[in-house]
Amino acid sequence: MNSLTLKIAAVCVFLFAGLSLSAEEIKIKIDKQYLNLPVSHDQDRSKMTFKVDGEPDLSVVIRLAAGNADYWVFKDVSHLKGKTLTISYDGNSEGLNKIFQDDVIVGQDNLYKEKNRPQFHFTTRRGWINDPNGLIYYDGEYHLFYQHNPYEREWENMHWGHAVSKDLVHWEELPSALYPDHLGGMFSGSAVMDYDNTAGYNKGKTPAMIAIYTAAGADKQVQCIAYSLDKGRTFTKYEANPVIDSRHIWNSKDTRDPKVFWYTPGKHWVMVLNERDGHSIYTSSNLKDWKYESHVTGFWECPELFELPVDGNPNNTKWVMYGASGTYMLGSFDGKVFTPEKGKYQYTTGAIYAAQTFTNMPDSRRIQVGWGRISHPEMPFNGMMLLPTELTLRTTKDGPRLFNLPVKETETLFTPVRDWQNLTSDKANDLLKEFYNTDCLRIKTRIKLSHATDAGFNLFGQRIVGYDMNSNTINGVFYSPEDMTSMELSADIYIDRTSIEVFIDDGAYSYSMERKPDTNNKEGFHFWGNNIEVKDLQVFSVKSVWN
C-alpha cells in the first residue's frame, strides 16, 4: 500500500466519526478546503445532489468510483466551513464512502508535473474544459472564465471555471464562478465592467463586473446575467433571469453564446448572439432589457464583433465579425447593423475553436484566447487554452486581412539557444539532433524551395508544415503568400507536450494540432523537399509557466 492510499484511508477513518451514513446519503461537517471525489469510467453517470444545511445547493452527474478510482476530482468547499454538507447519490452508494475532505487535492504533490501536462498552456487542475468565456481585464488582472466540468475529464455539468493572471502567461486557478441552476447548465458568454452603473449593481466607487451567459436547459437555451463586486470571485444571478428567451422566435434550441460590449457612439450595450443560422445583434441601455436589431447568417456559435485599425491607423478602421470556426467577415457597424463588405476569410484552422477576445483592455490591443481541442492521454483533465494572441488588420495584396501572433508577454518564456542561416536541409536536420529528446521547444524557420513542388518540416513523422506551392496549400488548406514568386515560407512553431501551434509568415495564417509523433519514427526533426534551403533556423528553450 503506497503513502497516498494510506493517507486516504486514514482520512476516511477520521471522517467517519463526523459522518452520518445511510444507503444513499452522507453528511459532512465542513472544516477543510476541498472535497475529494473518486471517479471511475467503469461506472455509469448518476445524479449527485448537494445540500448545504438542508437547503438545495447543486445537482450534477458523476461516475463515482465504487472500487478503484481512475482519478480523483475535487470540489472547493472553503466557503462552506462550519456548515453541514449533505451529499446524496443515485448510483452505487459505496462510492459515497470514499469521499473525504482535506486541505489539498489528491495528487497535489505531482500537480503540473504530470507526464502529459502542457507546460506553457493553461489547463485546469482536474476535469474537462472547452470554450473560453468572459475574457476581461480589471484592476491589474486578466480574467479567464471557461466552460468546465469539474467532475470528469469529459463534457458535462457545465460550470464557468475561473483563472486570473497578471501577465497573460502565468495563471492562478480559482473556484468555479457560475454553477448549473434550474434554468440549465452554464454555457458560453462574456463579461463587461458596468462603470456607468447601467444595471444598478455598483456599490459606491466599485463597478460591477457583469457576466452575460447562456443557461442551457433540456428544451431551450436562454440568456442570463449575473454580477460580481469582488473581482469575479463570486457572482449573484439576476433574480428575473432570463433576459432573452428567443426559442419561440427562431423555432430553434440553438440560441447561445452572448458577446456583449459597450458601443460608445450610441451610448448603449450591444449583444451579438448566435441564433440558429448566424449572429443576431441586440441593444440595451441596462443589460436587462434587450431589443432585437438585425441578423447576419453564415456563422455558428461563439460570436465576436470588434473594430480594428488597418495598419495601426486609427483613421482607417474595419469591423470584424467572426464565429467559432476561425472564419471572419470585414465590414462596417452602426451600433445596430453589421454590413459585410465581401465574403468570408479564414485566418486560423486546426485544433482551435470558440476563440474569444478580452474586453476592458488597458491598452488598444485586441487579444484573443482559443480553446484547444486537444486531449491529454492518461491525465485527469482534458482540453486546454491555446496561446493568447494579438489580432491586427494589415494591408495585403488582396486587401485588409486579419493577422494573428502570440502576445509579446509570451516572449519571456522562450530563450534563444541556437541560431543558424543558409543551411541545406541535410545540415539542418543534423544540427537539430541534439533536440530530439527535448520536452518542449520553439522553432522559428524560413525555407526556400528550389522547385515549384512541395516541402516542409516533420516531427518524428508528424507533418508540422507541408507547403505545396503548386496547389497553394499548407497541410491541405489553401494558402497564398503575399509574394508568390519568392518561393519562401516562414514558420514560428510552438511545441508543447501535447500540442503544436504554427504561425505562418508573421501571422498571416495560423493553425494548431495535437502532438502525435510516430513512436516508431527515428528521423526526429526533419526538413524535407527537393533541394530546399533553410534560410533561417532558430531554436528556443522553454520555461514552464508552472514553476
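Basis of the entries. I am working on a predicted model in which local features need pLDDT of at least 70 and side-chain atom pairs count only at pLDDT 80 or more, while totals for chains, interfaces and linings use all residues. Residues are numbered from 1 along each chain as its sequence is written, and side-chain values use heavy atoms, with hydrogens and water left out.

N531, continued. I looked up its backbone and found phi near 55°, a positive value in a residue other than glycine. I placed N531 in the loop between strand 42 (525–529) and strand 43 (533–542). Helices (H or I, at least four residues) and strands (E, at least two) are DSSP runs, numbered from the N terminus.

N475. I noted a positive phi here too, about 50°, although N475 is not a glycine. I found N475 in the loop between strand 37 (473–474) and strand 38 (477–478). N475 counts as partly exposed, at 33% relative accessibility.

N116. Is N116 buried or exposed? I read a relative accessible area of 14%, so N116 is buried. I located N116 in the loop between strand 8 (100–102) and strand 9 (127–138). Leaving out residues up to four places away in sequence, I listed H376, P377, M379, F381 and T498 as residues that N116 touches; contact means heavy atoms within 4.5 Å. For P377 I also noted that its backbone oxygen lies 2.9 Å from a polar atom of the N116 side chain.

N241 and P242. I looked up the peptide bond joining N241 and P242 and found it cis, with omega about 5°. I put P242 in the loop between strand 16 (236–237) and helix 2 (247–250).

Strand 7. Which strands did I find paired with strand 7? Strand 2 (residues 25–29) pairs with strand 7 (residues 84–89) in the antiparallel sense over five bridges. Strand 4 (residues 46–52) also pairs with strand 7 in the antiparallel sense, over five bridges. I used the rule that two strands pair if DSSP finds at least two bridges between them. On strand 7 I marked I87, which I26 stands opposite, and Y89, which M48 stands opposite.

Methods:
Buried means under 20% relative accessible area, exposed over 50%, partly exposed in between (1.4 Å probe, protein chains only). A polar contact is a pair of N or O atoms within 3.5 Å; within protein, one must be able to donate a hydrogen and the other to accept it, and residues adjacent in sequence count only if both atoms are side-chain atoms.
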